[in-house]
Amino acid sequence: MQNLNPNYIIGLVDGEGSFTVYVRNPSKKNLIRRVRVEPRFYIKLVDKDKKILYQLKNFFGCGSVYSQKDARPNHQDCYRYEVFNRDELRTTIIPFFIKNKLKFPSKKKDFDIFCKIFRLIESGIHLKESGLRKLYNLKQRMH
């Protein structure tokens with residue numbers, strides 16, 4: 001069993017992790033989506049490595065691990081560790097990655113934009129169409 005430490009987690013997230021925000025496109029009025037914005041942190045690994053995802057869940061004390069089926073040719077089913085609860089993102093995930101810096105420039109850029117969007121969501125900007133448009137445009141700068 002792998003003993004997780006911050007350096008191991010940073011390497012894993014640099015390689016396999018993602019900070020993303022699903023933002024409803026404000027230009028598409030007929031698009032049905034349950035929420036306007038959903039910030040998410042996740043790591044996806046193949047089935048044989050799913051133990052690591054459960055260890056991450058224990059390390060952070062939050063999030064969920066679940067199976068993700070993939071029917072595409074030459075792809076296999078995976079498992080995903082995901083945190084989308086805003087309180088858990090605010091109190092656990094974001095502070096961890098502020099303290100323990102990501103190494104890959106592209107991942108660091110995504111994290112910085114993720115944090116900016118998260119702060120804007122916390123301010124309630126997403127509740128107005130102009131704010132939602134601003135978040136949507138910021139999201140387009142992420143990988």
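Modeller: Start with a pair. Arg80 and Glu82 form a salt bridge, with N and O 2.9 Å apart. That term means a side-chain nitrogen of Lys or Arg within 4 Å of a carboxyl oxygen of Asp or Glu. Both Arg80 and Glu82 are buried, that is, under 20% relative accessible area; exposed is over 50%, and partly exposed is in between (1.4 Å probe, protein chains only).

Colleague: What should I know about the model itself?

Modeller: This is a predicted model, where local features need pLDDT of at least 70, side-chain atom pairs count only at pLDDT 80 or more, and totals for chains, interfaces and linings use all residues. Residues are numbered from 1 along each chain as its sequence is written, and side-chain values use heavy atoms, leaving out hydrogens and water.

Colleague: Which residue does Arg40 meet in a salt bridge at 2.5 Å?

Modeller: The general idea is this: side chains of opposite charge can pair when their charged atoms come close. Here, Arg40 meets Glu82. The pair links distant parts of the chain, from strand E2 to strand E4, 42 residues apart. Helices (H or I, at least four residues) and strands (E, at least two) are DSSP runs, numbered from the N terminus. Arg40 also bridges to Glu38, at 2.9 Å between the closest N and O atoms. Glu38 and Arg40 are both buried.

Colleague: How many salt bridges does the structure hold?

Modeller: Eight.

Colleague: What is the nearest side chain of opposite charge to Asp14?

Modeller: Lys107, 6.3 Å away. Asp14 is buried yet has no salt bridge. Asp14 sits in helix H1, residues 6-16. A polar atom of the Asp14 side chain lies 3.3 Å from the backbone nitrogen of Phe104.

Colleague: What does Leu56 touch beyond four places in sequence?

Modeller: Leu4, Ile9, Leu12, Ile43, Gly61 and Tyr81. Contact means heavy atoms within 4.5 Å.

Key
Lys, Arg positive; Asp, Glu negative; His and termini not counted. Polar contact = N/O pair within 3.5 Å; in protein donor to acceptor, adjacent residues only side chain to side chain.
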